Amino acid sequence: MTDSEDNDRYRAPALDKGLDILELLAGIDGGLTQAEIAKQLGRNANEFYRMLDRLVRRGYVTRLDGDRYSLTLKLFGLAQLHAPVRRLASYATPLMRELAEATKQANQMAVFDRGAAVVIAQQEAPGYWGISIRVGSHISLFNTGSGHVLLAFRSPEERAMMISEYEGNTDVKAEQGEDFFDRLDQIRARGYEMMPSQQMAGIVNLSAPVLGPDRRAIAALTIPYMTIINMPSAPDISRAIQLLMETSQKLSTLAGLELGKD
């Protein structure tokens, strides 16, 4: 049996059609209409109606202005759980442990996944007290340091797509206000987020990005900072920020090396 015959034997036309659409839209800014998709793929427009409907319903494609289709960030979210990022979480453990020892604080790493920040790694504080969050927890993009950093270090267009995947999202600008988007720009300029926790009193979230080779955030490293009264030698919040930034920069270098492998 020839290679061509073997390929024909295992063809999956519907799957091929869906992948053709995803690959086409991945290289297009502003989206395409159903007719434009068909023209670029050399097919009849009616062939793509059901496939586009399923891709929209499954969250891989979104409709813009009613009749244009654009890729969402769902594939990006799934990619965060791909081998390089899982390796990054594994290789980050020693650096996160060093950070916990140096700051006397817990820390965690989160990535974007389908409208939320998801914790993929966590390091306990070395002392008696500390704040930790379970690995696998889904946390908000809007009221956490991790979420703010994941949004801040993406382009405005990517932010919009990430926010559009937030479950129950209606009009984020109306709900959060223009100040929210101004804050994201300030975080990007400053290089980190520092904000009082909106979940627990007395905690200040310190968050910094782990950047990929394209300088976009692939993860956020966060210290839920608490003032330790009975340990005068514990670093103050300014020193904790400095240590956090140093660690996030090391992880960014590591992320660039890891993602370059695949």
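Trainee: How many residues of strand β9 are buried?

Mentor: This is a predicted model, in which local features require pLDDT of at least 70, side-chain atom pairs count only at pLDDT 80 or more, and totals for chains, interfaces and linings use all residues. Residues are numbered from 1 along each chain as its sequence is written, and side-chain values use heavy atoms, with hydrogens and water left out. Buried denotes under 20% relative accessible area, exposed over 50%, and partly exposed in between (1.4 Å probe, protein chains only). Strand β9 is largely enclosed by the rest of the structure because its buried residues number nine of the nine.

Trainee: How many bridges join β8 to strand β9?

Mentor: Two strands pair if DSSP finds at least two bridges between them. Strand β9 spans residues 217–225 and runs antiparallel to β8. Within this pair, Leu206 stands opposite Ile223 in β9, and Val210 stands opposite Ala219 in β9. The number of bridges joining β8 to β9 is eight.

Trainee: Which residue in the hairpin of β8 and β9 takes a positive phi?

Mentor: The hairpin has five residues between its strands. A positive phi near 70 degrees is found there at Arg215.

Trainee: Is strand β8 largely enclosed or open, and how many of its residues are buried?

Mentor: Strand β8 comprises residues 204–211. Strand β7 (residues 193–196) is joined to β8 by four bridges, and the two run antiparallel; Glu193 stands opposite Ser207 in β8. Strand β8 is largely enclosed by the rest of the structure, because the buried share of its residues is seven of the eight.

Trainee: Within what arc do the buried residues of helix α4 fall?

Mentor: Helix α4 (residues 49–57) has Met51, Leu52 and Leu55 as its buried residues. They line one face of the helix, because, seen down the axis of α4, they fall within a limited arc, taken from the directions from the helix axis to the C-beta atoms. On the other side of α4, Tyr49, Arg50 and Arg57 are exposed. The arc of the buried residues is 95 degrees.

Trainee: What covers the buried residues of α4?

Mentor: Contact here means heavy atoms within 4.5 Å. The covering elements include the helices α2 (13–26) and α3 (34–41), together with the strands β2 (61–64) and β3 (68–71).

Trainee: Which residue with a positive phi follows α4?

Mentor: The phi in question is near 90 degrees. The residue that follows α4 with this positive phi is Gly59.

Trainee: What percentage of the residues in the protein is buried?

Mentor: The protein has eleven helices and nine strands, taken as DSSP runs numbered from the N terminus (helices H or I, at least four residues; strands E, at least two). Of the contacts with a separation of 6 or more, 57% are between residues 24 or more positions apart. Among the 262 residues, the buried share is 45%.
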